Amino acid sequence: MVDLHSILADHRSKASGEATKLSDSHNSNPTNSKIPDIFFDEILTHYKLTRVEIMVLMYLYRRVWCRPNLYKEHGISQLMSHTEMAKHLGISLEDIYQSLRHLEDYSFISTIRSGQYFVRKYFTKDFDDYYGHSYDDFEI
């Protein structure tokens with residue numbers, strides 16, 4: 001069980017100046033990603049995902065569907081380092097591995113090989129079928 005001290009230790013105050021550091025280090029124009037509304041309307045409400053699982057799923061989704069990717073039509077991510085993912089998301093490597101396993105259990109992703117994942121456009125096979133999305137003869 002998590003105690004109050006560990007929760008407070010992770011808390012970031014708005015007055016601490018971290019927000020200004022973040023805005024200074026990034027582009028002045030924020031980017032955006034196209035996430036289907038089905039994620040907010042169905043996936044978040046019907047699946048019990050942890051915060052870390054949501055972060056990992058969105059990270060993979062953005063890598064496959066929202067950024068330039070040669071394998072987009074197949075729903076496959078380019079090879080990536082788990083260590084870089086953990087560093088970028090600010091979570092432990094063990095949490096990354098555990099989240100990847102849980103996301104595979106939900107069938108949101110499938111591992112092609114270490115660091116490369118099949119990620120459905122509409123998160124589940126049923127939704128992909130309903131919205132008419134196929135993967136050019138690639139199906140796991």
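## The largest nonpolar core

In this predicted model, the largest nonpolar core has 30 residues. Val56, Leu57, Leu60, Ile109 and Phe123 have the most contacts inside it. Several elements each supply at least two residues of this core: helix H3 (37-46), helix H4 (51-66), helix H5 (82-89), helix H6 (93-105) and strand S2 (116-119). H4 gives the most, with nine residues.

In soluble globular proteins, nonpolar side chains tend to be buried together.

## Around Ile109

What does isoleucine 109 touch, leaving aside its neighbours within four places in sequence? Its contacts include Leu57 and Leu60. Leu100, Leu103 and Glu104 are also in contact with Ile109.

## H4 against H5

Two packed helices are described by the angle between their axes and the distance between the axes. For H4 and H5, the angle is about 115 degrees, and the axes lie 11 Å apart. Their crossing is right-handed.

Which residues meet here? H4 brings Met55, Val56, Tyr59 and Leu60. H5 brings Met85, His88 and Leu89. The residues of this contact divide into six nonpolar, one polar and no charged.

## The buried face of H3

H3 has these buried residues: Ile38, Phe39 and Ile43. Why do they line one face of the helix? Seen down the axis of H3, they fall within an arc of 90 degrees, so they share one face.

An α-helix has 3.6 residues a turn, so residues three or four places apart point the same way.

What covers the buried residues of H3 includes H4 and helix H7 (125-130).

How values were computed
Residues are numbered from 1 along each chain as its sequence is written. This is a predicted model: local features need pLDDT of at least 70, side-chain atom pairs count only at pLDDT 80 or more; totals for chains, interfaces and linings use all residues. Side-chain values use heavy atoms; hydrogens and water are left out. A nonpolar core is a set of buried Ala, Val, Leu, Ile, Met, Phe, Trp, Tyr and Cys residues joined through side-chain atoms within 4.5 Å. Buried means under 20% relative accessible area, exposed over 50%, partly exposed in between (1.4 Å probe, protein chains only). Helices (H or I, at least four residues) and strands (E, at least two) are DSSP runs, numbered from the N terminus. Contact means heavy atoms within 4.5 Å. Axes are lines fitted to C-alpha atoms, for helices over the stretch in contact, and angles run from 0 to 180 degrees between N-to-C directions. A crossing is left-handed if the near helix is turned anticlockwise from the far one by less than a right angle, and right-handed if clockwise. Ala, Val, Leu, Ile, Met, Phe, Trp, Tyr, Cys and Pro count as nonpolar, Asp, Glu, Lys and Arg as charged, and the others, Gly among them, as polar. The arc is that of the directions from the helix axis to the C-beta atoms.
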